[in-house]
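Please look over the sequence and the structure shown here.

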Amino acid sequence: MRFEGAVVREQGVSFAIVVVKRHILDNTIQANQTARSFGSAFPGLPVVLMAQDARGRATYYGRPDITRFLARVPVGAIPWREYTLQ
């Protein structure tokens, strides 16, 4: 499976971001399961999920300290790339 994501190292914290559909973030159980499922692609890193609305505004789901930080970062400044999960 291919997906868009990023690995970020900021202020001594490393974490992964994975782009998902908005409806995943609307269901806490599904969001938690999805974040865990991407853990194998990013061993040892906390995984944050990101979805965008119709206007391109990002919403993040994951560790509160990381999501607060990402809320202040322009989406275009994140080093996105395509990953493969087997």
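## Secondary structure

How many helices and strands does the chain have? The secondary structure comprises three helices and five strands, where helices (H or I, at least four residues) and strands (E, at least two) are DSSP runs numbered from the N terminus. Along the sequence, their order is β-β-α-α-β-β-α-β.

This is a predicted model, in which local features need pLDDT of at least 70, side-chain atom pairs count only at pLDDT 80 or more, and totals for chains, interfaces and linings use all residues. Residues are numbered from 1 along each chain as its sequence is written, and side-chain values use heavy atoms, leaving out hydrogens and water.

## Overall dimensions

The C-alpha atoms fill a box of roughly 30 × 30 × 25 Å, taken along the principal axes. Of the 86 residues of the chain, 34% count as buried (under 20% relative accessible area, with a 1.4 Å probe and protein chains only).

## Nonpolar cores

A nonpolar core is a set of buried Ala, Val, Leu, Ile, Met, Phe, Trp, Tyr and Cys residues joined through side-chain atoms within 4.5 Å. The largest has 15 residues, and Phe3, Val18 and Phe42 are among those with the most contacts inside it. At least two residues of this core come from each of β2 (13–19), α1 (22–25), α2 (28–37) and β3 (47–52). The largest share, three residues, belongs to β3.

Another core, of 11 residues, lies apart from this one and includes Val8, Ile17, Ile66 and Phe69.

Notes:
Buried < 20%, exposed > 50% of the residue type's maximum accessible area, 1.4 Å probe, protein only.
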